[in-house]
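Trainee: I have a model open and would like to talk through how its pieces pack. Could you take my questions one at a time?

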Amino acid sequence: MNGDDTDQDTTLDSQRFVDGADGDDEQVPPSAGGDGTGPDGEGQPADRNEESADDEPVDPETGDAVDTDSGPTVRGGVGASGVDFDPESGDDVDSSVLDDVMLDDVGSEDTEEASQGLFDDLLAGDPIFENKEVLRPSYTPRKLPHREEQINNMATILVTALRGDSPSNILIYGKTGTGKTASAKFVSTELESTSQKYEVPCEVEYINCEVTDTQYRVLAQLANKFVEKNEAVIDEELDGLEDLRERANGDPSALAETEYDSVAAVEDRIEQLDEDRESFEQVPMTGWPTDRVYSTFFDAVDYHERVVVIMLDEIDKLVEKSGDDTLYNLSRMNSELERSRVSIMGISNDLKFTDFLDPRVKSSLGEEEIVFPPYDANQLRDILEHRAEVAFEGDALTDDVIPLCAAFAAQEHGDARRALDLLRTAGELAERDQTDDVDEDHVRKAQEKIELDRVVEVVRTLPTQSKLVLFAIIMLEKNGVHNINTGEVYNVYQRLCEEIDVDTLTQRRVTDLISELDMLGIVNAVVVSKGRYGRTKEISLSVPIDETEAVLLSDSRLSDIEDTQPFVQTRFDNEN
């Protein structure tokens, strides 16, 4: 047999066992040219051995690619990498090449098998949600039911900005979930779009003071936003001037309808804009003196004519953390600005936070006040129905879902955010159950889940001493003690402090911590009279005991007390 025949037989042998691991697939017949050549008589098979491992094997008769999905079983001949080997021969073979061939093939097969069905079952049913984002607090709808009066009040005050004048400052009050932020953002979006329509320079900047809670951060964030806007304005003008200069160099008449009378004037303006752009500097988040940050912000705002509305959400958090210096500076800016005007829109959950403001700040900041009352159950139902039309597919909700969500949320002081969370969570639970619709049972489970999530978050963020007091109450209840009194809690608390080497507070301070836990809704502490024995505080848990204990033990400082069993004194109650 000549060399070409050997090459062809070897190639066909490797392809013969590529189609299946059992080797029972139909064998590939030799090509029409039985002398080791292709149909055209040229020696192609020998060249095929030189193909890379990435090329698919080809049937020499049909020219079609051979299916290799099922994974090759190598018995001899040419491997998938194009290396000639014979496992029964004594020739030295690079074992790493064989390992690569076999491991790669097996790995790809295992990966494919492992991935099949992992998510297929979850995706098999009909979807419940069409647009889940509609049910999130961050979403601003195009229509806000039952807030038309407040929206119109805001629009009436802010319309002054579209005339180029400074609007009055606005303070917006209301409990959580009453639509304050959503309404303010809706009005702001309308204000900016209308200003573009009439080509009036009007801008709204939103800052969440729960996150940006110091004077430095507020001023730095505002300064950097206006620096970026100014740079964008300059870049746009520079592009136009450079184009004008190029056209004017070829045809001076290009300047006829512009404010420039010569190419030199255009170049002077370009040079001035370049200098302005280089003078702008981003404010670092720390490190500068506050007066320098304020000066940078002031210059950036006043760079060109515009009316700016600064929306400070959770404004009471800023005052609580940093005092009223920021509000004082912002509210008095207009007396110093030459080109721009600034207005403040403050949003707060605390109706009394202005009681702590300087009288000068209070008088200038609270020029206009708008109160958002809580929603009632019927109003919450309208809001949920409006959102559900966009959020859910077809008839995914049973008739009792929305009324039940509205009723639960109405009990929480008319909180629309709570109602939306309930509806979204109920839909997510229905998806996990792989049901076709959301029913009353899903809403009730969602209520329990949200309440548990709230408890977990509150307990997780408690100080260490409060966690120890709470853990002492849990241990007493687990040991069968009911109507726990403060003395019993304090005894167990002392033992726990000894176990983890923490300073022990006085019993009076522990009593205060119990009162704080009572206000958070974690425990229920009731003062009862014991007749001639005086009065005492009876304590019981108001949260699930197992879940609360798990959250406490997740704290690294408390994890060592899991196996501790402090002595619990037996108590003989007066009543059987």
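Trainee: Let's start with a helix pair. At roughly what angle do the axes of helix H17 and helix H18 cross?

Mentor: Keep in mind that this is a predicted model. Helix H17 covers residues 464-478 and helix H18 covers residues 486-500. Their axes come within 8 Å, and the crossing angle is roughly 120°.

Trainee: How does that angle class H17 and H18 relative to each other?

Mentor: Angles of 65 to 115 degrees would count as roughly perpendicular, and over 145 as roughly antiparallel. The axes cross at roughly 120°. H17 and H18 are therefore oblique.

Trainee: Is the H17 and H18 crossing left-handed or right-handed, and which residues of H18 meet H17?

Mentor: H17 passes H18 in a right-handed crossing. The H17 side of the contact is made by Gln465, Leu468, Val469, Phe471, Ala472, Ile473, Met475 and Leu476. On the H18 side, they meet Glu488, Val489, Val492, Tyr493, Leu496, Cys497 and Ile500.

Trainee: Staying with H18, is threonine 486 buried or exposed?

Mentor: Threonine 486 lies in helix H18. Its relative accessible area is 10%. Under 20% counts as buried, so threonine 486 is buried.

Trainee: Is aspartate 501 buried or exposed?

Mentor: The cut-off for exposed is over 50% relative accessible area. Aspartate 501 comes out at 71%, so it counts as exposed.

Trainee: Glutamine 434 has a positive phi too, I see. What is its relative accessible area?

Mentor: Glutamine 434 has a phi of about 55° and is not a glycine. You'll find it in the loop between helix H15 (416-432) and helix H16 (440-460). Glutamine 434 is partly exposed, and its relative accessible area is 47%.

Trainee: On to H15, then. How are H14 and H15 oriented to each other?

Mentor: The axes of helix H14 (residues 401-411) and H15 come within 8 Å and cross at roughly 140°. Over 145 degrees would count as roughly antiparallel. The angle therefore makes H14 and H15 oblique.

Trainee: What is the handedness of that crossing, and which residues of H15 make the contact?

Mentor: H14 passes H15 in a right-handed crossing. H14 contributes Val401, Cys405, Phe408 and Ala409. The H15 partners are Arg418, Ala419, Leu422 and Leu423.

Trainee: What about H5 and H6: at roughly what angle do their axes cross?

Mentor: Helix H5 spans residues 148-158 and helix H6 spans residues 180-197, with axes that come within 10 Å. The crossing of H5 and H6 is right-handed. The angle is roughly 40°, so H5 is oblique to H6.

Trainee: Which H6 residues meet H5?

Mentor: From H5, the contact uses Ile151, Met154, Ala155 and Leu158. Their partners in H6 are Ser183, Ala184, Phe186, Val187 and Leu191.

Trainee: Is leucine 365 buried or exposed, and what does it touch beyond residues up to four places away in sequence?

Mentor: Leucine 365 is in helix H12 (residues 359-365). With a relative accessible area of 0%, leucine 365 is buried. What it touches, with those close-in-sequence residues not counted, is Asn169, Ile170, Leu171, Ile315, Leu327, Ile344 and Leu357.

Trainee: How many disulfides does the structure hold?

Mentor: A disulfide needs a pair of cysteine sulfur atoms within 2.5 Å. Cysteine 202 is buried at 7% relative accessible area, and cysteine 209 is buried at 0%. The number of disulfides in the structure is 0.

Trainee: Finally, what share of the protein chain is buried?

Mentor: The protein chain has 20 helices and 9 strands. Its accessible surface comes to about 32,100 Å², and carbon and sulfur atoms hold 44% of that. Of the 576 residues, the buried share is 40%.

Key: Residues numbered from 1 in each chain as written. Predicted model: local features only at pLDDT ≥ 70, side-chain atom pairs only at ≥ 80, totals over all residues. Heavy atoms only, no water. Buried < 20%, exposed > 50% of the residue type's maximum accessible area, 1.4 Å probe, protein only. Helix = DSSP H or I, 4+ residues; strand = E, 2+ residues; numbered from the N terminus. Areas by Shrake-Rupley, 256 points an atom, 1.4 Å probe, with all protein chains shown as cover. Axes fitted to C-alpha atoms, helices over the stretch in contact; angles between N-to-C directions. Parallel < 35°, antiparallel > 145°, perpendicular 65-115°, else oblique. Left-handed = near helix turned anticlockwise from the far one by under 90°. Contact = heavy atoms within 4.5 Å.
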